[in-house]
Amino acid sequence: ELQDKAAVFKALAHPARLAILQYIAASEICISGDISDELPLSRTTDHQHLKELKKMELIQGEIDGVRTCYCLNTKRLDIIKPQLNGFLGSIKCCS
């Protein structure tokens, strides 16, 4: 269980991946085409980060001809959010 949480934290640890998730979430629709047109990322960087997000099932993509339509994987995010909140909430800070 901790390994899964660590893998999710690792996937979220890069600012470009957070920017991609924010962009997809703000769009409220599947993003078709090149996200690097909207974010300051090269296509190679864009593809690499999308691959990592997809590997962790944070996003999903449907291939439509030569294009891929990306959207948030809300089922996975609905599972991950309470797990991560519970984990972070269990950490007691010293005063």
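The model you are looking at is a predicted one. Which residues of helix 2 are buried? They are Ala16, Arg17, Ile20, Leu21 and Ile24. Viewed down the axis of helix 2, these buried residues stay within an arc of 140°, so they line one face of the helix.

After helix 2 comes Glu28, which has a positive phi near 60°.

Now let's step back to see where this helix sits. The protein has four helices and three strands, and from the N terminus on they follow the order α-α-β-α-β-β-α. The C-alpha trace spans about 50 × 25 × 25 Å along its principal axes. Of the 95 residues, 32% are buried. The accessible surface comes to about 6,700 Å², and carbon and sulfur atoms account for 55% of that surface. Among contacts between residues at least 6 apart in sequence, 53% join residues at least 24 apart.

What about confidence? The mean pLDDT of the protein is 84, with 93% of its residues at 70 or more. Helix 2 has the highest confidence, at a mean of 90, while strand 1 (residues 31–32) has the lowest, at 73.

Back inside, the largest nonpolar core holds 19 residues, and those touching the most other members are Ile20, Ile24, Ile35, Leu58 and Ile59. Helix 1 (2–12), helix 2, helix 3 (43–55) and helix 4 are the elements that each give two or more residues to this core. Helix 2 provides the largest share, four residues.

Helix 3 is our next stop. Its 13 residues reach 18 Å from first C-alpha to last, close to the 18 Å expected at 1.5 Å a residue. Asp46, His49, Leu50 and Leu53 are its buried residues. Seen down the axis of helix 3, they fall within an arc of 105°, so these residues line one face of the helix. Turned away from that buried side is a face with the exposed residues Thr44, His47, Lys51 and Lys55. Helix 3 is followed by Glu57, whose phi is positive, near 65°.

Not counting residues up to four places away in sequence, His49 touches His14, Ala16, Arg17 and Ile20. Three of these lead back to helix 2, where Ala16, Arg17 and Ile20 are among the buried residues.

We finish in helix 4 (residues 74–89), where Thr74 is found. Thr74 has a relative accessible area of 47%, so this residue is partly exposed. Between Thr74 and Ala13 there are 61 residues of separation in sequence and 19 Å in space, C-alpha to C-alpha.

Methods:
Residues numbered from 1 in each chain as written. Predicted model: local features only at pLDDT ≥ 70, side-chain atom pairs only at ≥ 80, totals over all residues. Heavy atoms only, no water. Buried < 20%, exposed > 50% of the residue type's maximum accessible area, 1.4 Å probe, protein only. Arc of directions from axis to C-beta. Core = buried A, V, L, I, M, F, W, Y, C linked by side-chain atoms within 4.5 Å. pLDDT = per-residue confidence, 0-100. Contact = heavy atoms within 4.5 Å. Expected span 1.5 Å × (residues − 1). Areas by Shrake-Rupley, 256 points an atom, 1.4 Å probe, with all protein chains shown as cover.
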